[in-house]
Amino acid sequence: MSDEPRTMTLAIIKPDAFGSGKAGAVLSTLEDAGFRIRGSRVVHLSDAAAGAFYAVHHERPFFGSLVEFMTSGPCMPLALEHERAVPYLREVIGATDPAEAEPGTVRALYAESKERNAIHASDSDENARVELGFFFGNVDLIAGR
Ligand code: ATP
Ligand code: MG
């Protein structure tokens, strides 16, 4: 066992992958990569919830389309644990645009396009804390045992 701390990050299996029946395959890919699933739920986000989750992108030209996509069907938020969970999950999911994602990454395997890209992952420990709270704030999640 390495001495690196085990931490948690937030993933979302997005409506494209969830709606086309790929949730199981994505979960297998994440488990095969070594992640432990410490929380999961299925939610169909409202406009307000998706807009709040992606508030940092409010001024971006794709914001309206992103909210429309994220509210188009159910999605599956996940609390995932691993050593250095945040940067490691970013590696495992691959680049935002699946055309640029490394072979074998979740997006290379399952994403349709730069927008419909199968999975979200927190991009910093601070954002992971906020995003885990967004979806699992009423649950006291345990990591590391
Ligand atoms: P995420 O935050 O979902 O993990 P990311 O960090 O790789 O993805 P961001 O730059 O945070 O990418 O963008 C958030 C999401 O907005 C992307 O995952 C994608 O669904 C969508 N998106 C990003 N850039 C574009 C774009 N140029 N055109 C359309 N959609 C985009
Ligand atoms: Mg992001």
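This is a short tour of a predicted model, stop by stop.

**Before you start**

Residues are numbered from 1 along each chain as its sequence is written, and chains are lettered from A and ligands numbered from 1 in the order in which they are written. Because the model is predicted, local features need pLDDT of at least 70 and side-chain atom pairs count only at pLDDT 80 or more, while totals for chains, interfaces and linings use all residues; side-chain values use heavy atoms, with hydrogens and water left out.

**Stop 1: the whole chain**

Show the protein chain as a cartoon. Starting at the N terminus, the order is β-α-α-β-α-α-β-α-α-β-α. The radius of gyration is 14 Å, close to the 15 Å of the globule rule for 145 residues, so the chain is as compact as a globular protein of that length. That radius is taken over C-alpha atoms, and the rule is 2.2 Å times the number of residues to the power 0.38.

Along its principal axes it spans about 45 × 35 × 25 Å.

Switch to a surface. The chain exposes about 7,500 Å², and carbon and sulfur atoms supply 50% of that area. Accessible areas come from the Shrake-Rupley method with a 1.4 Å probe; for residues, only the protein chains shown count as cover. Of the 145 residues, 46% are buried. Buried means under 20% relative accessible area, exposed means over 50%, and partly exposed lies in between (1.4 Å probe, protein chains only).

Now think about contacts, meaning heavy atoms within 4.5 Å. Take those between residues at least 6 apart in sequence: 78% join residues at least 24 apart.

Colour by charge next. The chain has 14 positive and 21 negative charges, and their mean positions are 3 Å apart. Lys and Arg count as positive, Asp and Glu as negative; His and the chain ends are not counted. Each charge is placed at NZ of Lys, CZ of Arg, CG of Asp or CD of Glu.

**Stop 2: helix H5**

Select residues 85-93. Which residues of this helix are buried? They are Ala85, Val86, Tyr88, Leu89, Val92 and Ile93. Look down the axis of H5: the buried residues fall within an arc of 165°, so they line one face of the helix. The arc is that of the directions from the helix axis to the C-beta atoms.

Show what covers them. The cover includes strands E1 (6-13), E3 (76-83) and E4 (119-121). It also includes helices H2 (23-32), H6 (106-110) and H7 (125-136).

Arg84 sits in the loop between E3 and H5. Its phi is near 45°, a positive value in a residue other than glycine. Most residues other than glycine have a negative phi. Arg84 is partly exposed, at 40% relative accessibility.

Gly94 follows, with a positive phi near 85°.

**Stop 3**

Select Thr105, in the loop between H5 and H6. Its relative accessible area is 7%, so Thr105 is buried. Beyond neighbours within four places in sequence, Thr105 is in contact with Glu91, Val92, Ile93 and Gly94.

Move on to Ala118, in the loop between H6 and E4. Here phi is near 75°, again positive in a residue other than glycine. Is Ala118 buried or exposed? Ala118 is buried, with a relative accessible area of 0%.

**Stop 4: helix H4**

Select H4 (63-70). Its buried residues are Phe63, Leu66, Val67, Phe69 and Met70. Seen down the axis of H4, they fall within an arc of 160°, so they line one face. The cover includes E1, H1 (15-19) and H3.

Next comes Thr71, in the loop between H4 and E3. Thr71 is buried at 17%. Not counting residues up to four places away in sequence, Thr71 touches His44, Leu45, Ser46, Asp47 and Ala50.

Now go to Arg60, in the loop between H3 (47-53) and H4. Arg60 is partly exposed, at 41%. Draw a line from Arg60 to Asp47, 13 residues away along the chain: their C-alpha atoms are 16 Å apart.

**Stop 5: Gly133**

Finish in helix H7, at Gly133. Gly133 is partly exposed, at 38% relative accessibility.

Technical notes
Helices (H or I, at least four residues) and strands (E, at least two) are DSSP runs, numbered from the N terminus.
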